[in-house]
Amino acid sequence: MIPIHANDNPPVDHLMEFGAPKRWVTGALNDRFGPTAVMAQKRQNRTLPAREQTLFWRVALMRRGNSMALTSQITPYNEQWPSMFVAERRLIAKVFEPDLIEIHHVGSTAVVGLSAKPEIDLLVEVRVQTNQVDRDRSMVSLGYVRGSNLSLGHHFYRKDVDGVRTHKVHVCLTGHWQIERMIRFRNLLIDNPQIRQEYQRLKLHLEASNRDGIGEYLANKAPFIDALMGPRPE
């Protein structure tokens, strides 16, 4: 384990294996973590395994050397994510009333201790999909863009700030198979530390090796999830 402390000098020599000059490495580390992330980690007295830190640093260097079209960068767990979910849930709930059943926090930001792209995933469970024009207009007023339907009864919205994804909203009819699947996968990651670490290592590896953007990243994550959750309905 290699702790990250705010006053430590980064192990620059270790990173030189990636072929970058010292000033490049130092700049990449600063871009990657920033003082807020480092201080937050110090306050929590947490460490990251050496393998995960190496992958973080590799991604930082790659991002300074090429353009990787992911929607955001993976970061260490942020204890503000739950409160960010609560704030956004309150904001969008009125859009889906009176058909709203529940809004769930899903995805990696819902799992304490899991590194994630800092994109809050909200799963909105509704009785019926109605008033789509009005709902789309209301979501646009909150900064969202309507995406393509992910399946029958599964609508999707995304919010970007300065070109970086911050929120994703999945709107599913009650009983839709994705509701149970998203919640079950989230709970498995919460309850099983070994699977959580395996998933984190996979995500960091996929980010570090990514060349073709978010589609490649998601496609290469899918087999891991399907192996745990079972095949998706045809």
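Leaving aside residues up to four places away in sequence, E119 touches T71, S72, T109, R165, T166 and K168 (contact means heavy atoms within 4.5 Å). The model is predicted, so local features need pLDDT of at least 70 and side-chain atom pairs count only at pLDDT 80 or more, whereas totals for chains, interfaces and linings use all residues. Residues are numbered from 1 along each chain as its sequence is written, and side-chain values use heavy atoms, with hydrogens and water left out.

**E119 and its loop**

- E119 sits in the loop between β3 (100-106) and β4 (120-126); helices (H or I, at least four residues) and strands (E, at least two) are DSSP runs numbered from the N terminus.
- The relative accessible area of E119 is 1%, and the residue is therefore buried (buried is under 20%, exposed over 50%, partly exposed in between, with a 1.4 Å probe and protein chains only).
- The side chains of E119 and T71 are joined by a polar contact of 2.5 Å. Such a contact is a pair of N or O atoms within 3.5 Å; within protein, one must be able to donate a hydrogen and the other to accept it, and residues adjacent in sequence count only if both atoms are side-chain atoms.
- The loop between β3 and β4 also holds G107, which is partly exposed because its relative accessible area is 30%.
- G107 and I120 lie 13 residues apart along the chain, and their C-alpha atoms are separated by 7.5 Å.

**Salt bridges**

- There are 11 salt bridges in the structure, each a side-chain nitrogen of Lys or Arg within 4 Å of a carboxyl oxygen of Asp or Glu.
- One of them pairs E119 with K168, whose closest N and O atoms are 2.8 Å apart.
- A network of salt bridges links K117, E119, D121 and K168.
- R146 forms a salt bridge with D136, with 3.0 Å between the closest N and O atoms. Here strand β5 (residues 144-146) supplies R146 and helix α5 (residues 132-141) supplies D136, at a separation of 10 residues.
- R146 has a relative accessibility of 27% and thus counts as partly exposed.
- In the salt bridge between R181 and D226, the closest N and O atoms are 2.3 Å apart. Because R181 lies in helix α6 and D226 in helix α8, the pair ties together parts that are 45 residues apart in sequence.
- Within that pair, R181 is buried at a relative accessible area of 7%, while D226 counts as partly exposed at 25% relative accessibility.

**The largest pocket**

- The largest pocket contains about 930 Å³ of space. The centre of this pocket has D121, K168, H170, L218 and K221 as the closest of 33 lining residues.
- A pocket is an open set of points on a 1 Å grid over the protein atoms alone where a 1.4 Å probe fits, with protein on both sides within 12 Å along at least five of seven lines; lining residues have an atom within 4 Å of a point. Its volume is the space filled by probe spheres set on the points, which are joined across faces, edges and corners.
- Two or more lining residues come from each of β6 (154-161), β7 (164-173), α6 (177-191), α7 (193-209) and α8 (214-229).
- Helix α6 gives the most to this lining, with 7 residues.
- By type, the lining comprises 15 nonpolar, 8 polar and 10 charged residues (Ala, Val, Leu, Ile, Met, Phe, Trp, Tyr, Cys and Pro are nonpolar; Asp, Glu, Lys and Arg are charged; the others, Gly among them, are polar).

**Backbone features**

- Most residues other than glycine have a negative phi, and most peptide bonds are trans.
- E97 and P98 are joined by a cis peptide bond with omega of about 5°; P98 belongs to the loop between α4 (81-96) and β3.
- N131, a residue other than glycine, has a positive phi near 50°. N131 is placed in the loop between β4 and α5 and counts as exposed at 52% relative accessibility.
- D162 is not a glycine, yet its phi is positive at about 55°. D162 is placed in the loop between β6 and β7 and counts as exposed at 79% relative accessibility.
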